[in-house]
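Please read them with the structure open.

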Amino acid sequence: MAAAAGSGEGGLCRPCQVKQPGFTGGTLDRADRLRHDADALAAAIADPRARLLKLTAFEPELDGEGRLVWLPMDAVPQGAELALLGLEGEEPRFAARLPDDPAAGPRTPELFAMLAAIRAEDAAHYAAARSLLDWHARHRFCANCGSMTQPFRAGWGRHCGQCGAEHFGRVDPVVIMIAEHDGRALLGRQPSWPAGRYSALAGFLEVGESIEEAVAREIEEEAGVRVDNVRYIASQPWPFPSSLMIACVAQAEGDAITIDAHELEDARWFTRDAVRAALAKDPDAPFGAPPSYAIAHTLLSAWAEEGVGAESEPVA
Ligand SMILES: [Zn+2]
């Protein structure tokens, strides 16, 4: 059944070789060649095998087998803007929005429950469609001259007819990381989280910063811990609305913690055994793990189970 193949319960991610991050593992060929070929794109739209992702105010619908619902193209509303998500085999797959449709509203607990249960590729296809359509809704006007823009490149960009500027779907990089010290991982919690949950620290990259610099800055700002030797583990698109989560592990110079109370309610060091118990949802675990579709879960799994940073693990 669908739940057994949930987006966070799969095996290893082929390109990153750690537990499959949520919203990755899509099976569509993004078919960039069709974005530059008006005739080929028109043929794809007219292809009887073409399908439209069913979305209602950015919420997906699932069929009786727990799969995303794809509609025939006659379901595309009059005047809609189409985005070519890609090809499933040879079948074109689209998403659509009306030019005046509002941007996505707050994400709901029901949506997250659905995303935790559906297949990895379905979560990935939904995430791409949501993030792309939401970007169109939030970027209707040219950031250069203020004129109304029009979609181009099969829905992967917007073009300004006034000044000629081209705008492309936005991605906002976020670093998410654990510091490790003497075989323990630094995790924090925010007041808004479910009781008992601890997770990796995170923050947006700033202009003019490398990933490694952002990791070091965020850990020091939020927890007062200085780190070096930042190592990249894996990444994840996070479609609320357009983040790219970049998961890293860093070595802490010491274990004294000074939290920034504006960011965190608490931060603590946890052993690998504690992290393993939390990931296993052991009722005796000292904290609650982040949900399986969050890359923090992937990051903690990699650290706990695959010996990331094992050079600092005490000899057993
Ligand atoms: Zn312009």
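The points below take up the basis of the model, the metal site and the nonpolar cores.

1. This is a predicted model, in which local features need pLDDT of at least 70 and side-chain atom pairs count only at pLDDT 80 or more, whereas totals for chains, interfaces and linings use all residues. Residues are numbered from 1 along each chain as its sequence is written, and side-chain values use heavy atoms, with hydrogens and water left out.

2. The zinc ion has as its protein donors the SG atoms of Cys-142, Cys-145, Cys-160 and Cys-163, at 2.3 to 2.4 Å; donors are N, O and S atoms within 2.8 Å of the metal (3.2 Å for Na, K and Ca), and sites may look incomplete because water is not among the atoms. Along the chain these donors follow the spacing C-x2-C-x14-C-x2-C.

3. The angles subtended by the 4 donor atoms run from 101 to 116°, which makes the arrangement tetrahedral (four donors, all angles between 85 and 135 degrees).

4. Cys-145 is partly exposed, with a relative accessible area of 35%, while Cys-160 is buried at 0% (buried is under 20%, exposed over 50%, partly exposed in between, with a 1.4 Å probe and protein chains only).

5. The largest nonpolar core has 50 residues, and Leu-115, Ile-178 and Val-275 have the most contacts inside it; such a core is a set of buried Ala, Val, Leu, Ile, Met, Phe, Trp, Tyr and Cys residues joined through side-chain atoms within 4.5 Å. Apart from this core lies another, of 20 residues, among them Met-177, Leu-205, Val-215 and Val-227.

Methods. Four donors count as tetrahedral if all angles lie between 85 and 135 degrees; four count as square planar and six as octahedral if opposite donors are over 155 degrees apart and all others between 65 and 115; anything else is irregular.
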